[in-house]
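Subject: Structure handover

Hello,

Here is the structure for you to look at. My notes on what was found in it follow below.

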Amino acid sequence: MAERITRRALGLSALAAQAALSQESKVTYTGPLDGTNVDPKRLDPVQWTLRRRENAPLQLTFRAANRRDAEAWQKKLRAKVTELIGGIPERGPAPVAEILETRDFPLYKREKFVFESRPSVMVLGYVLTPKKPGPHPVMINVPGHGRGVDDIVG
(Lines give C-alpha, C1' and ligand atoms only; values in the text may rest on other atoms or scores of the structure.)
Protein backbone atom coordinates (compact mmCIF):
# COMPACT_ATOMS: atom_id res chain seq x y z
CA MET A 1 0.00 0.00 0.00
CA ALA A 2 1.35 3.43 -0.99
CA GLU A 3 2.15 5.93 1.73
CA ARG A 4 -0.12 8.98 1.77
CA ILE A 5 1.43 12.41 1.54
CA THR A 6 -0.17 15.36 3.31
CA ARG A 7 -0.78 18.72 1.68
CA ARG A 8 1.65 20.26 4.16
CA ALA A 9 4.43 17.83 3.21
CA LEU A 10 3.74 18.42 -0.49
CA GLY A 11 3.88 22.22 0.00
CA LEU A 12 7.15 22.00 1.94
CA SER A 13 8.66 19.81 -0.80
CA ALA A 14 7.64 22.34 -3.46
CA LEU A 15 9.15 25.22 -1.44
CA ALA A 16 12.41 23.32 -0.97
CA ALA A 17 12.63 22.56 -4.69
CA GLN A 18 11.98 26.18 -5.63
CA ALA A 19 14.56 27.43 -3.11
CA ALA A 20 17.16 25.05 -4.55
CA LEU A 21 16.42 26.19 -8.11
CA SER A 22 16.54 29.88 -7.20
CA GLN A 23 19.91 29.40 -5.49
CA GLU A 24 21.38 27.97 -8.68
CA SER A 25 20.10 30.77 -10.92
CA LYS A 26 21.04 33.74 -8.74
CA VAL A 27 23.49 36.17 -10.33
CA THR A 28 25.84 37.71 -7.80
CA TYR A 29 26.56 41.43 -8.13
CA THR A 30 30.27 42.06 -7.60
CA GLY A 31 30.56 45.73 -8.57
CA PRO A 32 29.73 48.53 -10.99
CA LEU A 33 31.95 47.09 -13.73
CA ASP A 34 30.05 43.79 -14.01
CA GLY A 35 29.48 42.95 -17.65
CA THR A 36 31.90 45.58 -18.99
CA ASN A 37 35.37 45.31 -20.50
CA VAL A 38 36.83 48.22 -18.48
CA ASP A 39 40.10 47.30 -16.74
CA PRO A 40 39.59 48.20 -13.04
CA LYS A 41 43.33 48.98 -12.68
CA ARG A 42 42.81 51.98 -14.96
CA LEU A 43 40.28 53.40 -12.46
CA ASP A 44 42.69 53.21 -9.53
CA PRO A 45 44.46 56.54 -8.84
CA VAL A 46 46.80 54.76 -6.42
CA GLN A 47 48.17 52.59 -9.24
CA TRP A 48 48.61 55.67 -11.41
CA THR A 49 50.43 57.46 -8.59
CA LEU A 50 52.70 54.46 -7.98
CA ARG A 51 53.61 54.33 -11.67
CA ARG A 52 54.45 58.05 -11.58
CA ARG A 53 56.52 57.56 -8.39
CA GLU A 54 58.70 54.91 -10.06
CA ASN A 55 59.94 57.60 -12.45
CA ALA A 56 60.58 60.27 -9.82
CA PRO A 57 64.06 60.07 -8.24
CA LEU A 58 64.49 61.78 -4.85
CA GLN A 59 66.44 64.84 -5.95
CA LEU A 60 64.52 67.52 -4.07
CA THR A 61 65.00 66.59 -0.42
CA PHE A 62 64.48 69.63 1.81
CA ARG A 63 67.83 70.79 3.21
CA ALA A 64 67.37 74.54 3.46
CA ALA A 65 69.18 76.28 6.30
CA ASN A 66 67.59 79.71 5.83
CA ARG A 67 64.55 81.43 4.33
CA ARG A 68 66.19 82.24 0.97
CA ASP A 69 67.22 78.59 0.47
CA ALA A 70 63.72 77.43 1.51
CA GLU A 71 62.05 79.74 -1.03
CA ALA A 72 64.42 78.56 -3.78
CA TRP A 73 63.62 74.94 -2.86
CA GLN A 74 59.85 75.68 -2.95
CA LYS A 75 60.19 77.13 -6.47
CA LYS A 76 62.07 74.04 -7.72
CA LEU A 77 59.66 71.68 -5.96
CA ARG A 78 56.59 73.45 -7.38
CA ALA A 79 58.00 73.15 -10.93
CA LYS A 80 58.85 69.46 -10.42
CA VAL A 81 55.45 68.56 -8.97
CA THR A 82 53.76 70.31 -11.90
CA GLU A 83 55.95 68.31 -14.29
CA LEU A 84 55.27 65.00 -12.48
CA ILE A 85 51.50 65.37 -12.54
CA GLY A 86 51.67 66.00 -16.25
CA GLY A 87 51.36 69.75 -16.10
CA ILE A 88 48.33 71.89 -15.67
CA PRO A 89 46.15 70.96 -18.65
CA GLU A 90 45.22 73.63 -21.13
CA ARG A 91 41.51 74.11 -21.60
CA GLY A 92 40.66 71.80 -24.44
CA PRO A 93 37.84 69.64 -25.71
CA ALA A 94 35.76 67.86 -23.11
CA PRO A 95 36.54 64.16 -22.68
CA VAL A 96 34.28 61.77 -24.56
CA ALA A 97 32.34 59.46 -22.26
CA GLU A 98 31.30 55.92 -23.10
CA ILE A 99 27.92 54.94 -21.66
CA LEU A 100 28.23 51.43 -20.20
CA GLU A 101 24.68 50.95 -18.92
CA THR A 102 21.32 52.71 -18.74
CA ARG A 103 18.76 51.63 -16.11
CA ASP A 104 15.28 52.87 -15.38
CA PHE A 105 14.14 53.40 -11.79
CA PRO A 106 10.71 54.65 -10.63
CA LEU A 107 11.81 58.28 -10.13
CA TYR A 108 14.94 58.57 -12.30
CA LYS A 109 17.07 57.13 -15.07
CA ARG A 110 20.65 56.08 -14.22
CA GLU A 111 23.47 56.05 -16.77
CA LYS A 112 26.85 54.50 -15.92
CA PHE A 113 29.76 55.88 -17.94
CA VAL A 114 33.56 55.96 -18.16
CA PHE A 115 35.91 58.49 -19.69
CA GLU A 116 39.66 58.91 -19.92
CA SER A 117 40.72 61.90 -17.80
CA ARG A 118 44.31 61.68 -19.04
CA PRO A 119 46.20 58.98 -20.96
CA SER A 120 45.70 55.58 -19.28
CA VAL A 121 43.56 56.96 -16.42
CA MET A 122 39.85 56.14 -16.54
CA VAL A 123 37.07 57.69 -14.45
CA LEU A 124 33.81 55.84 -13.67
CA GLY A 125 30.69 57.92 -13.07
CA TYR A 126 26.93 57.92 -12.95
CA VAL A 127 24.36 60.46 -14.14
CA LEU A 128 20.98 60.29 -12.43
CA THR A 129 18.27 62.13 -14.38
CA PRO A 130 14.90 62.79 -12.66
CA LYS A 131 11.79 61.71 -14.59
CA LYS A 132 9.62 64.59 -13.36
CA PRO A 133 10.06 67.98 -15.04
CA GLY A 134 12.41 70.40 -13.24
CA PRO A 135 14.06 72.56 -12.28
CA HIS A 136 16.01 70.28 -9.97
CA PRO A 137 19.06 70.91 -7.81
CA VAL A 138 22.35 69.42 -9.04
CA MET A 139 24.66 67.46 -6.79
CA ILE A 140 28.12 66.13 -7.55
CA ASN A 141 29.22 63.36 -5.21
CA VAL A 142 32.83 62.21 -5.16
CA PRO A 143 32.95 58.83 -3.38
CA GLY A 144 36.16 57.57 -1.90
CA HIS A 145 35.49 56.27 1.58
CA GLY A 146 33.22 53.64 3.05
CA ARG A 147 31.46 51.18 0.76
CA GLY A 148 31.70 53.55 -2.17
CA VAL A 149 29.46 54.39 -5.07
CA ASP A 150 26.98 51.53 -4.55
CA ASP A 151 25.51 53.23 -1.46
CA ILE A 152 25.15 56.50 -3.34
CA VAL A 153 23.52 55.43 -6.61
CA GLY A 154 21.91 52.12 -5.67
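Where in the chain does I88 lie? I88 sits in the loop between α3 (67–84) and β1 (98–104).

Before the rest, two notes on the source. This is a predicted model, in which local features need pLDDT of at least 70 and side-chain atom pairs count only at pLDDT 80 or more, while totals for chains, interfaces and linings use all residues. Residues are numbered from 1 along each chain as its sequence is written, and side-chain values use heavy atoms, with hydrogens and water left out.

Overall picture

The protein has 4 helices and 3 strands, and from the N terminus on their order is α-α-α-β-β-β-α. Of its 154 residues, 12% are buried; buried means under 20% relative accessible area, exposed means over 50%, and partly exposed is in between (1.4 Å probe, protein chains only). The accessible surface comes to about 13500 Å², and carbon and sulfur atoms hold 57% of that. These areas come from the Shrake-Rupley method with a 1.4 Å probe, and for residues only the protein chains shown count as cover. Among contacts (heavy atoms within 4.5 Å) with a separation of 6 or more, 36% are between residues 24 or more positions apart.

I88 is exposed, at 60% relative accessible area. Together with V81 and I85, I88 makes a nonpolar surface patch of about 260 Å². A patch takes residues with over 30% relative accessible area and no salt bridge, joining nonpolar side chains (Val, Leu, Ile, Met, Phe, Trp, Tyr) within 5 Å and like charges within 9 Å.

G86 is in the loop between α3 and β1 as well. Leaving aside residues up to four places away in sequence, G86 touches R52 and R118.

Salt bridges

How many salt bridges does a search of the whole structure find? The search gives 6, where a salt bridge is a side-chain nitrogen of Lys or Arg within 4 Å of a carboxyl oxygen of Asp or Glu.

One of them joins the side chains of E116 and R42, at 2.7 Å from N to O. E116 belongs to strand β2 (residues 108–118) and R42 to the loop between α1 (7–25) and α2 (45–54), so this pair ties together parts 74 residues apart in sequence. Both ends are partly exposed: E116 has a relative accessibility of 40%, and R42 has 31%.

E101, R110 and K112 are linked in a network of salt bridges. The E101 and R110 side chains meet at 3.4 Å, N to O. For K112 and E101, the closest N and O atoms are 3.8 Å apart. Since K112 is in strand β2 and E101 in strand β1, that pair ties together parts 11 residues apart in sequence. E101 is partly exposed at 27%, whereas R110 is buried at 4% and K112 is buried at 4%.

Strands β2 and β3

β2 pairs with strand β3 (residues 121–130) in the antiparallel sense, over 10 bridges; two strands pair if DSSP finds at least two bridges between them.

Aromatic pairs

The whole structure holds 3 aromatic pairs. One of these is F62 with W73, which is edge-to-face, at 4.8 Å centre to centre and 75° between the planes. F62 is in the loop between α2 and α3 and W73 in helix α3, 11 residues apart, and the pair links distant parts of the chain. F62 is partly exposed at 47%, and W73 is partly exposed at 23%. The rings of F113 and F115 are stacked, because their centres are 6.2 Å apart and their planes are at 15°. F113 is buried, at 17% relative accessibility. For all of this, rings of Phe, Tyr and Trp (its six-membered ring) pair if their centres lie within 6.5 Å; planes under 30 degrees apart count as stacked, over 60 as edge-to-face and the rest as tilted.

Regards

Methods. Helix = DSSP H or I, 4+ residues; strand = E, 2+ residues; numbered from the N terminus.
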